[in-house]
Amino acid sequence: QEVFSRWYGDLEVTFEDPKLYTAHLSNIYGDGSIREKDSRKSTFLRANQLWHSDSTMFQAPARISFLSAHAVAPVGGETEWADMQAAWEALPAKRKKELERLVLEHDFQKSRRVSKYEFDDEERKRWPPLLHPLVRVHEETGRKALYIGSQAARVIGWPLQKGQALIKELLEFATQERFIYTHHWSVHDFMIWDNRRVNHRGRPWDEEKYPRDLRRTNVMGEIPTMCDGIPVDEYEWAQKHHSVSKLAGT
């Protein structure tokens with residue numbers, strides 16, 4: 001999986017080990033036994049059941065993700081993807097104009113608190129909040145997409161509650177059934193997606209009864225979404241730096 005993923009670019013390291021590139025998104029130990037539901041790792045991974053785009057804790061978030069199935073639950077445990085580009089394009093023109101230059105603070109800790117996972121001091125220093133545009137311009141296509149999710153904490157320059165209400169409104173709009181694909185896993189399935197266009201989430205399953213073992217690799221982002229507090233038009237940046245043809249060549 002790592003060899004294949006590298007055809008698309010350099011890989012991100014995992015959260016747990018900076019020497020590893022494959023994240024084990026599972027509820028099992030190395031010997032195959034099921035991990036305790038209230039363990040620290042299980043609590044951390046349970047936040048993946050919220051809508052998100054990978055690696056918003058980086059200034060240049062992950063471009064492409066790869067997920068392979070090694071063990072699946074017979075009931076539950078699906079993965080869903082929501083098309084944030086289609087959601088953006090479905091908004092009225094007036095609404096788009098209101099949203100286009102807004103900036104969000106993304107806080108990795110926010111989504112983890114929902115699943116009752118608390119960062120330690122080292123993790124807080126390692127993953128501070130970062131700014132990203134609410135509307136992201138795809139570096140290869142020039143098309144726009146909503147860039148929101150469970151880690152979006154507030155709208156810069158807005159009162160906290162007003163900003164949180166907007167994030168909630170847009171996320172509910174973008175995750176309507178018409179924008180969602182739900183995948184029911186079989187062993188050996190291999191899914192690829194573009195984090196610049198879609199959000200995703202895992203679905204719950206009986207973690208104490210059924211093993212579920214999915215393994216993910218992420219291709220690093222190349223372009224920061226913000227520069228000096230201003231959203232970057234990633235398509236224009238890529239055109240200027242000849243990255244579009246480079247990326248297409250991979």
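View 1. Because its relative accessibility is 38%, P128 counts as partly exposed; buried means under 20% relative accessible area, exposed over 50%, and partly exposed in between (1.4 Å probe, protein chains only). M57 is 71 residues away from P128 in sequence, yet the two C-alpha atoms are 7.4 Å apart in space. Residues are numbered from 1 along each chain as its sequence is written, and side-chain values use heavy atoms, with hydrogens and water left out. As this is a predicted model, local features need pLDDT of at least 70 and side-chain atom pairs count only at pLDDT 80 or more, whereas totals for chains, interfaces and linings use all residues.

**View 2. R216 and its contacts.** R216 lies in strand β12 (residues 213–219) and counts as buried, because its relative accessibility is 11%. Contacts (heavy atoms within 4.5 Å) beyond four places in sequence link R216 to Q1, F15, Y21, T22, A23, L25, D54, F66 and L67.

**View 3. The second largest pocket.** A pocket is an open set of points on a 1 Å grid over the protein atoms alone, with protein on both sides within 12 Å along at least five of seven lines; a cavity is a set of points where a 1.4 Å probe fits but cannot get out, and lining residues have an atom within 4 Å of a point. The volume of this pocket is about 170 Å³, a volume being the space filled by probe spheres set on the points, which are joined across faces, edges and corners. The lining comprises W51, K110, G149, S150, A152, A153, Q164, I167, K168, L171, E172 and T175. Two or more of these residues come from each of β8 (152–155) and α7 (160–174), and α7 gives the most, with five.

**View 4. The largest cavity.** The whole structure holds one cavity of 30 Å³ or more.

**View 5. Residues 244–250 and model confidence.** The chain averages a pLDDT (the predictor's confidence in each residue, from 0 to 100) of 93, and 96% of the residues score at least 70. Over residues 244–250 pLDDT stays under 50, and the model has 12 contacts beyond four places in sequence for them. Where pLDDT is low, the predicted coordinates should not be read in detail.

Methods: Helices (H or I, at least four residues) and strands (E, at least two) are DSSP runs, numbered from the N terminus.
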